[in-house]
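Have the sequence and the 3D view open while reading.

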Amino acid sequence: MHNDIREVLYSEQQIQEKVKEMGEMISRDFEGRNPLVICVLKGAFIFMADLVKQIAVPLEIDFMAVSSYGVSTKSSGVVKIIKDLDVPVEGRNVLIIEDIIDSGLTLSYLIDVLERRNARSVTVAALFDKPARRTAELDADYKGFVLPDEFVVGYGLDYAEKYRNLPYIGILKPEIYTK
Ligand SMILES: O=P(O)(O)OC[C@H]1O[C@H](OP(=O)(O)OP(=O)(O)O)[C@H](O)[C@@H]1O
Ligand code: HPA
Ligand SMILES: [Mg+2]
């Protein structure tokens, strides 16, 4: 285990099993719907890569980069689009892939943007859910694990751009971000 991690919450193997289950459900529900799968960068890049391999229906992929945390464990409250989609979403069945829903601000902003661009449907798959800190009223259609109210890293999630490459999800030692 990495020295900066206080506790591993879900191992690489537990995550892979969950991702497979989610992929199977999505495959069933999106049969014949040709989804446009949107990866919310950077955090969702690993989940996205693992999940799409478990989805058996034809799909297309695009990427959007948004950021609101920066070098902090709390949302700045301002969601900034750093990279927009390459393709129009009008008339498409969009599946948003998120690593974590925390305050919910990122997702509520994205859903609003995609609905205003006239997506046919907007569905959300989120691997991690931290309901304790929610300020925006929303929930994922496909949800992996519910997390305690702690700042977590790994499996794509960062603190100040670090720890994304850890294959598991763990609680970051508070002294790392309070020092
Ligand atoms: O529900 P919220 O409180 O909005 O938090 C969730 C979002 O915050 C993180 O992104 P971040 O802004 O850190 O950008 P990153 O993915 O590049 O790390 C995370 O990857 C989610 O996209
Ligand atoms: O707990 C978290 N860890 C990393 N990034 C995040 N973005 C929202 N919540 C978190
Ligand atoms: Mg981040």
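The text below covers the ligand shells and then the helix.

This is a predicted model, in which local features need pLDDT of at least 70 and side-chain atom pairs count only at pLDDT 80 or more, while totals for chains, interfaces and linings use all residues. Residues are numbered from 1 along each chain as its sequence is written, and chains are lettered from A and ligands numbered from 1 in the order in which they are written.

A residue belongs to a shell if its C-beta atom, placed from the backbone, lies within 6 Å of the molecule. Ligand 1 is surrounded by 18 residues, and the closest are Gly43, Tyr69, Asp102, Ser103 and Thr106. The shell around ligand 2 consists of Tyr69, Ile100, Asp102, Phe151, Val152, Val153, Leu157 and Asp158.

Helices (H or I, at least four residues) and strands (E, at least two) are DSSP runs, numbered from the N terminus. Strand 5 (93–101) gives the largest share of the shell around ligand 1, four residues. Helix 3 (105–116) supplies at least two residues of that shell.

In helix 3, Leu105, Thr106, Leu107, Leu110 and Leu114 are buried (20 or more other C-beta atoms within 10 Å of their own, C-beta atoms being placed from the backbone). Just after helix 3, Asn118 has a positive phi of about 65 degrees.

Definitions and conventions:
A residue is buried if 20 or more other C-beta atoms lie within 10 Å of its own, exposed if 12 or fewer, and partly exposed in between; C-beta atoms are placed from the backbone.
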